[in-house]
Amino acid sequence: MKEQVEKQLVDEAIEAYVDWREECTEVWNTYERWAGAPVADASGAFSAYRAALDREERASHGYADLLARIAAGRRPVGGLFARTVHALNR
């Protein structure tokens with residue numbers, strides 16, 4: 001049973017890390033689109049960039065929360081989905 005719990009924690013940590021890194025990549029992509037946007041499209045491109053920053057921040061908090069729970073020796077309750085929902089409601 002303990003091995004299964006540990007495997008689940010490792011799987012969740014990897015998933016949370018990948019989610020965070022994907023959001024980091026999207027931040028750079030939206031920044032490049034904003035930086036290269038024509039003046040008429042700059043406002044919308046900037047809004048997309050800010051939204052990407054917000055998503056990356058939420059993903060980083062979810063990942064950090066999971067690692068803190070693992071380090072404290074507690075099993076995260078509700079899995080990655082519950083932590084993501086919690087991070088979105090902060």
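I'll take you through the fold of this chain, its confidence and its salt bridges.

This is a predicted model, so confidence comes first. The chain averages a pLDDT of 84, and 78% of the residues score at least 70. Where pLDDT is low, the predicted coordinates should not be read in detail.

Now the fold. We have three helices and zero strands. From the N terminus, the order is α-α-α. Of the 90 residues, 23% count as buried. Take contacts between residues at least 6 apart in sequence: 66% of those join residues at least 24 apart. The chain exposes about 6,300 Å², with carbon and sulfur atoms supplying 57% of that.

On to the charges. How many salt bridges does the structure hold? Three.

Start with Arg55 and Glu23. Their closest N and O atoms are 3.5 Å apart. Arg55 sits in helix 2 and Glu23 in helix 1, residues 2-35, so this pair ties together parts 32 residues apart in sequence. Both ends are partly exposed: Arg55 at 30% relative accessibility, Glu23 at 21%.

Next, Arg33 with Glu26. N to O is 3.0 Å. Arg33 is partly exposed at 48% relative accessibility. Glu26 is also partly exposed, at 26%.

Then Asp65 with Arg69, again a salt bridge, at 3.0 Å from N to O. These two are four residues apart in helix 2, about one helical turn. Is Asp65 buried or exposed? Buried, with a relative accessible area of 18%.

Key: Residues numbered from 1 in each chain as written. Predicted model: local features only at pLDDT ≥ 70, side-chain atom pairs only at ≥ 80, totals over all residues. Heavy atoms only, no water. pLDDT = per-residue confidence, 0-100. Buried < 20%, exposed > 50% of the residue type's maximum accessible area, 1.4 Å probe, protein only. Contact = heavy atoms within 4.5 Å. Areas by Shrake-Rupley, 256 points an atom, 1.4 Å probe, with all protein chains shown as cover. Salt bridge = Lys/Arg side-chain N within 4 Å of Asp/Glu carboxyl O.
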